[in-house]
Amino acid sequence: MRPTGSLHIGHYVGALENWVSLQDDYQNFHLIADYHTLTTSLDTTNVYKDSVDMVIDWIACGIDPVKSPIFRQSKVKQHTELHLIFSMLITKNRLEKNPTLKEQIRDLNLQGVSYGHLGYPVLQSADILLYKGNAVPVGEDQVPHVEITRHIAEHFNQAFELNGKKIFPIPEPKITKFARLPGLDGKAKMSKSLGNGILLSDPEDEIKSKMKKAFTDPAKLRKGDPGNPNICLVYLYHQKFNPEEEPEIRNGCTTGTLGCFDCKMKCAGKIAEHFAPAREKRAELEANIGRVVEIMEDGENRARAAAEQTMSEVREAMRFG
Ligand code: SF4
């Protein structure tokens with residue numbers, strides 16, 4: 001994940017929750033993709049602070065840094081080495097067809113893309129394969145990148161072997177049911193820059209205040225009007241954070257006995273309740289930033305050891321050993 005500072009509930013639903021549930025069954029590696037921020041901005045003023053803030057949210061939401069190393073990409077130089085090798089294994093044409101890149105060019109209104117931006121799925125491939133990742137927990141928008149990673153791994157394995165063995169696994173994407181949570185304004189993506197998200201660190205009052213502006217069925221103007229929950233964002237949030245009351249909400253909405261304000265406040269309360277333990281843990285970590293830094297340093301040492309093991313195999317297979 002790129003270091004974006006404090007995370008929003010879209011990050012939790014699209015990624016973090018999935019990571020937490022996977023950490024008992026898999027050896028996870030949690031990468032702070034700080035080099036990736038350069039693809040869209042050269043302003044690195046807050047990159048360190050944002051990394052620390054993001055790590056706090058990860059741990060607060062249940063990532064166990066002892067089981068699963070947490071580390072900055074820029075502290076493990078093997079990422080850049082493998083990226084260089086992988087960049088020879090894919091064509092420019094293939095990268096230009098990447099739908100996520102096209103979406104970014106449109107959303108950010110870019111006039112052109114840098115060489116590094118075009119190739120960022122190649123750096124992601126290095127991020128995954130350096131740890132011989134065989135499952136990649138991603139949102140739907142990242143699936144094309146996993147396909148590029150598979151292509152690169154296959155290409156490398158065809159070209160090079162070590163003592164008759166393939167070096168890289170062919171990874172699979174692992175997607176959650178709620179791979180993407182729309183923003184409060186109804187836009188497909190929740191994003192900090194669009195200001196349409198609820199932060200994991202937001203207290204209940206703030207969640208309620210943001211929820212007042214949430215997109216609902218525009219035809220339901222007042223209590224008594226029947227609504228259509230299927231086109232209402234708040235209902236989608238209820239499905240995620242208040243599943244036990246979902247039938248009651250649906251019935252109240254369609255019959256008109258439930259008004260949008262009450263429905264929104266109930267939903268905000270459930271979201272606040274869901275993240276209450278994380279907010280408490282966050283406050284503890286904020287009071288002990290030294291511990292967070294130690295966690296990152298420990299993760300960086302462990303990631304570096306795993307990455308060097310892979311790179312020594314790669315160099316030997318390629319006769320650069
Ligand atoms: S009552 Fe609830 S589910 Fe129905 S339109 Fe209003 S906010 Fe949405």
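**A tour from the ligand shell to the whole chain**

The model is a predicted one, in which local features require pLDDT of at least 70 and side-chain atom pairs count only at pLDDT 80 or more, while totals for chains, interfaces and linings use all residues. Residue numbers start from 1 along each chain as its sequence is written.

Next, display the complete shell: 14 residues surround the ligand, and the closest are Gly227, Cys232, Cys253, Cys260 and Cys263. Colour α10 (233-241), α11 (246-255) and α12 (260-274), each of which contributes at least two shell residues. Helices here are DSSP runs of H or I with at least four residues, strands are runs of E with at least two, and both are numbered from the N terminus.

Now select the two domains, whose bounds come from an automatic or database domain assignment. Domain 1 covers 9-181 + 289-317, and domain 2 covers 204-274. Their C-alpha centres are 36 Å apart.

Finally, show the whole chain, with its 14 helices and four strands. Along the principal axes, its C-alpha atoms fill a box of roughly 75 × 45 × 35 Å. Of the 321 residues, 35% count as buried, meaning that 20 or more other C-beta atoms, placed from the backbone, lie within 10 Å of the residue's own.

Conventions. Near = placed C-beta within 6 Å. Buried ≥ 20, exposed ≤ 12 C-beta atoms within 10 Å, placed from the backbone.
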